[in-house]
Amino acid sequence: MTKYTFTEKKDTRSGFGAGMTELGRTNPNVVTLCADLVGSLKIDTFIKENPERFIQCGIAEANMIGVAAGLTIGGKIPFATTFANFGSSRVYDQIRQSVAYSDKNVKIAVSHAGLTLGEDGATHQILEDLAMMRAMPNMTVINPCDFNQTKAATIAAANWKGPIYLRFGRPVVPVFTAPDQKFEIGKAWMVNEGKDVSIIATGHLVWEAIQAAEILEAQGISAEIVNIHTIKPLDEKAILMSVRKTKCVVTCEEHQANGGLGDAVAQTLVKNFLAPQEYVAVNDSFGESGTPAQLMEKYGLSAKNIVDKALKAIQRKQ
Amino acid sequence: MQNQELREIAVQVRRDIVRMVHACQSGHPGGSLGCTDLFVALYFQQMKLNNRKGKDGYISFNMDGKGEDLFFLSNGHISPVFYSTLARRGYFDVKELATFRKIDSRLQGHPTTHEHLPGIRVASGSLGQGLSVAIGAALAKRLNGDKNLVYCLMGDGEQQEGQVWEAAQAAPHHQVDNLIAIIDLNGQQIDGPTAKVMNNRDLKAKYKAFGWNVMEIKDGNNMDEVVAGLRKAKRLTGKGQPIMILLKTEMGAGVDFMMGSHKWHGVAPNDEQLEAALKQLVTSGTIGDY
């Protein structure tokens, strides 16, 4: 299989920060808003270089979403930033009415998504945001997998007309995608071609999927890995092409099984091509405090879980 | 335009409002009638608006609104007065007012940009969001070096929404002094008098404490007072503080049986009531119904 190695680990939120630094230098219409989490969002450089284009909103996320919507009237491209929990469930109605229904070019860029937020615990570990944002008409939903992909996604988001929910995370994870890669919203990335099972993964689970595929390879199983970084619009063509070949699929996400990537893939398959599907996702529960690694293991989101589910999916083909 | 002409237009807008809600047997006539004088004063005299017309003969509407004043309606349920004012001002055909709240219409129950109705810049109806949007638009004007103003109307019942107070603290903090917010103080909301449902208490003191420059218009249904108040508010802009106008109005103003209670907040008149209302709303005949 295609070999993926890494020389360093970085957090995806720093990829966002690097993307914002570049946008600050290249796109004078980009404005950044933050709800008292500047350090966590890694936007210090953007603010230092463009103080007039930064709006500190304080701990008042609902107002931040509205202010961002207003900034688009006048041609600005606002990035409203906070933790994923406070940029989705807390302000769902504000996003729905003032942004999505109003066709406003607002980018909601959120960090600390999912279990890997870690020690802060379940109050902050949003695991339902992809489901909520997928359900919203007119919303584009992106969940990149490493530093480089997040940076590229951030820059692509500024060039995309319309509301975007861009979700990334807190912990350092391997940097294994190409620097300065081309990022096309809505277009899947073929990580590894295989023939026995499709592993369709998003966000932090892409690296786990690569680890799992290596374990499977040692057992003589050829796994195809497809990275869906854009949950919506979904690259149905890439998914169907892969599953038509392998005849079974495992979906992997740091999110509830209900309503996330897995359900999006299932919706595509049930309409076009029936195949056994297994979910690597959180099973209808809240998270808890712990280290990211401990949580990923306890809630069944590790490479080992992907291997188990892949074997099960292959078995169900008969 | 002279105030006498504004009064004439206001009568016509009130006729439109009661006819629109009667035609679809739904909608919110009470607050619409109460805010009619404000809308007419803003759109026909006080706001600086782009008057350039397109090939279709209507004002060519530009979402970005660069070089003109902007208005945001936060309490979107009083859409009838907004739609009538926009149509009468020349944004679209007044005949389209007949489609209000009907299937396939650009005139949705609550205002939206989604159907591309000229004059609307954000969807509203879920309360408490408009002031935040207005602040954003005002900040964009500042970033663009655009010296024009942003207006935002809210309801007094709407002041019960938490987001309003997030916005209330943000505007003075960022010294958004190109913003004139207005609260329609009609003292009524769906379940009854505002003082009984959830008392706002002293809004003047509250906004002052938040850092706003607060002024009052004691009779928001007297055109001369509304015009004078708006002129004064404009003079107060550009001095480091956002402006808040507490506009005292009568819900249902202009139609005697709709005044003095919350009952006509969201109720449409029947045929006889429409007839009775229109008898009280008489223009000199220069404009005419849609």
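**Close-up views of chain A in a predicted model**

**View 1. Strands β2 and β4 of chain A lie side by side and run parallel.** Five bridges join the two strands in this predicted model. Strand β2(A) covers residues 30-34. Strand β4(A) covers residues 77-83. Strands of a sheet pair through backbone hydrogen bonds, either parallel or antiparallel.

**View 2. Seven strands of chain A form an open sheet.** Read across the sheet, the order is β3-β2-β4-β5-β7-β6-β12. The pairing is mixed. At the edges are β3(A), residues 54-56, and β12(A), residues 230-232. Each edge strand pairs on one side only. From one strand to the next, the twist averages 20°.

**View 3. Helix α4 of chain A packs on the sheet.** The helix spans residues 61-72. It touches three strands of chain A: β2, β3 and β4. The direction of α4(A) makes about 165° with that of β4(A).

**View 4. Chain A meets chain B.** The contact takes 22 residues from chain A and 29 residues from chain B. On the side of chain A that touches chain B, α4(A) and α5(A), residues 92-100, each supply at least two residues. The largest share of that side, eight residues, comes from α4(A). By class, the chain A side has 10 nonpolar, nine polar and three charged residues.

Notes
Residues numbered from 1 in each chain as written. Chains lettered and ligands numbered in written order. Predicted model: local features only at pLDDT ≥ 70, side-chain atom pairs only at ≥ 80, totals over all residues. Pairing = 2+ DSSP bridges. Helix = DSSP H or I, 4+ residues; strand = E, 2+ residues; numbered from the N terminus. Axes fitted to C-alpha atoms, helices over the stretch in contact; angles between N-to-C directions. Contact = placed C-beta atoms within 7 Å. Nonpolar A, V, L, I, M, F, W, Y, C, P; charged D, E, K, R; others polar.
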